[in-house]
Amino acid sequence: MTILLATLNARYAHASLGLRYLLANMGTLKEQTALMEFVIGAKTTDVVERLLARAPSIVGFGVYIWNVEETARVVAMLKRVAPQVTVVLGGPEVSYETGQQEIVRLADYVVTGWGDVTFPKLCGEILHGPKPLMKVHAGVQPPMADIALPYSLYSDDDIAHRTIYVEASRGCPFKCEFCLSSLDKTAWPFGLDTFLAEMEDLYRRGARLYKFVDRTFNLNVKTSQRIMQFFLDKLAAAPGDPVYAHFELVPDHLPEALKETIARFPPGALQFEIGIQSFNPEVQALVSRRQDNVKAAANIRWLTEHSHAHLHVDLIAGLPGEDVDSFARGFDQLVALGPHEIQFGILKRLRGTPIIRHTEPYGMVYDPYPPYTVLATDRIDFSTMQRLVRFARYWDLVANSGRFAHTVEAILGEAPFANFMALSDWLYTRTDATHRIALERLAKLVQEWLQLRGMAPQAAAELLASDYAGQQNGQRADKPAAKASEPASAPAAPTAAPAAPARQARHLAA
Ligand code: SF4
């Protein structure tokens, strides 16, 4: 009576933390439970065949915005060829609006919210009775200390080849209406000593790349400092075998004590993902995002100037009340602060999020299919939104990739948003594509663009060549927006940590 825990990850490198939590908490059913991870894009028949080869009684699927359509096809096929297999769904995508979803109709049961104790209980009832009467089971949230941590379930292969996701806390106390975490209303920490002991064990087994999924890592400064100290100790003990950690920060909360700790990290060891989302106070108020913009900007500036952390800052286009001009002002403000990457996202209406209340008043039109991207608002029409979508894509290729570091500065000039939008529109006219543009072709196009904007051919060629040469030599062309000076308080900088992901390593190569 095998129970399979299955999901389709976005990439092979993304090992599912959620499935490992479920497995760790299966209790007496653990011995008969196995993980099966797939990658989106896999053939549905292959996935079903591999699942059925294990002769499961129950298959539990982790369902997310990025895999719901493919998972629905897998569930539909599975129930056709093996109707005796009980299908249980869980995950954020099926935790809300369950009555409206085809995948829920196809499945036997759904666990909404936290599955740690509810999923094993449901499996026990399915296997041993009494048969559960309800289709949808609201996940019970146990005390954090009762949740078995899953880290020993990362295999040696996972540790060697995949990103290791970890969490020191769940939930978020903030209420940004576009975000599913806004429904949590608070954050719940795991026991810190137990958590750090698990991190130690992962390190001993060879883990060097830790990605924290905590929504607001810097909520509790003492906890943040202890976790960071764990990594600083490892870096000090083995500078030749560096460790790398990724955290999500709220931008307006960076007390001095935390700054001091951050400043001690060498290059290539630390990445921060920082959500700004919008610099427009009216938009922030509309979506209930509490953010002190002055403090947030000062903290990003401090990080670029006094730390070696790689900064990845998020902005969202298409929020209610935001027009292109106000978004452009926020974008330009952020470029001036100099983060290494600006993640330019388009608003998505995640199932269950309260942003739905703005749909009518602000003319929000969303794609009915995942990932439910906003298509138009009362301030941004459809064709303009499509231009923003292409801007985001080209921004990723040209700016965030780190491949055109010198050149980006020349492209952006004094009006980053307007200038890059002009490039984006031109690139689309020339290529009719936003994907599958070979790097060499992109470089030629960028060079042509610079010449069209008045740069001498020789100067444009040299600029592009300097970026290319920098990458060839493993050296970074200095980041355009991030004119960071060496931090006075930082330790003598060792070379970029080999553990740093490739894109960050390109930004670092200097
Ligand atoms: S956007 Fe960030 S701060 Fe806001 S609710 Fe979501 S996780 Fe919390």
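Which residues of α1 are buried? They are G18, L19, R20, Y21, L22 and L23. Keep in mind as you look that this is a predicted model. Helix α1 spans residues 17-24, and with six of its eight residues buried, the helix is mostly covered.

In soluble globular proteins, nonpolar side chains tend to be buried together. Here the largest nonpolar core has 82 residues, and the members that touch the most others are F178, F272, L315, L334 and F420. Helix α13 (residues 382-400) is the top contributor to this core, giving six residues. The core also draws on two domains, taking at least three residues from each of domain 2 (154-380) and domain 3 (381-510).

Setting aside neighbours within four places in sequence, F420 is in contact with F391, W395, I411 and L412. There is also a second, separate core, this one of 37 residues, and A6, F61, Y64 and V85 are among them.

Now for a pair of helices. Two packed helices are described by the angle between their axes and the distance between the axes. For helix α12 (residues 324-337) and helix α15 (residues 416-431), the axes come within 8 Å and cross at roughly 105°. Because angles of 65 to 115 degrees count as roughly perpendicular, α12 is roughly perpendicular to α15. Which residues make the contact? From α12 come A328, F331, D332 and V335, and from α15 come P416, F417 and A418. Sorted by class, that contact has six nonpolar residues, one charged residue and no polar ones.

You'll find I164 in strand β7 (residues 164-166). Buried or exposed? I164 has 20 other C-beta atoms within 10 Å, so I164 is buried; the cut-off for that label is 20 or more. Leaving out neighbours within four places in sequence, the contacts of I164 are A15, Y154, I159, L202, A207, L209, Y210 and K211. For a sense of scale, I164 and H406 are 242 residues apart along the chain, and their C-alpha atoms are separated by 33 Å.

L232 sits in helix α8 (residues 221-237). With 19 other C-beta atoms within 10 Å, L232 is partly exposed. L232 and N280 are 48 residues apart along the chain, with 36 Å between their C-alpha atoms.

Finally, there's V136, which is found in strand β6 (residues 136-138). V136 counts as partly exposed because it has 15 C-beta neighbours inside 10 Å. Once residues up to four places away in sequence are set aside, V136 touches T98, V110 and T112. How far apart are the C-alpha atoms of V136 and T429? They are separated by 49 Å, with the two residues 293 apart along the chain.

How values were computed: Residues are numbered from 1 along each chain as its sequence is written. This is a predicted model: local features need pLDDT of at least 70, side-chain atom pairs count only at pLDDT 80 or more; totals for chains, interfaces and linings use all residues. A nonpolar core is a set of buried Ala, Val, Leu, Ile, Met, Phe, Trp, Tyr and Cys residues joined through C-beta atoms within 7 Å. A residue is buried if 20 or more other C-beta atoms lie within 10 Å of its own, exposed if 12 or fewer, and partly exposed in between; C-beta atoms are placed from the backbone. Helices (H or I, at least four residues) and strands (E, at least two) are DSSP runs, numbered from the N terminus. Domain bounds come from an automatic or database domain assignment. Two residues are in contact if their C-beta atoms, placed from the backbone, lie within 7 Å. Axes are lines fitted to C-alpha atoms, for helices over the stretch in contact, and angles run from 0 to 180 degrees between N-to-C directions. Angles under 35 degrees count as roughly parallel, over 145 as roughly antiparallel, 65 to 115 as roughly perpendicular and the rest as oblique. Ala, Val, Leu, Ile, Met, Phe, Trp, Tyr, Cys and Pro count as nonpolar, Asp, Glu, Lys and Arg as charged, and the others, Gly among them, as polar.
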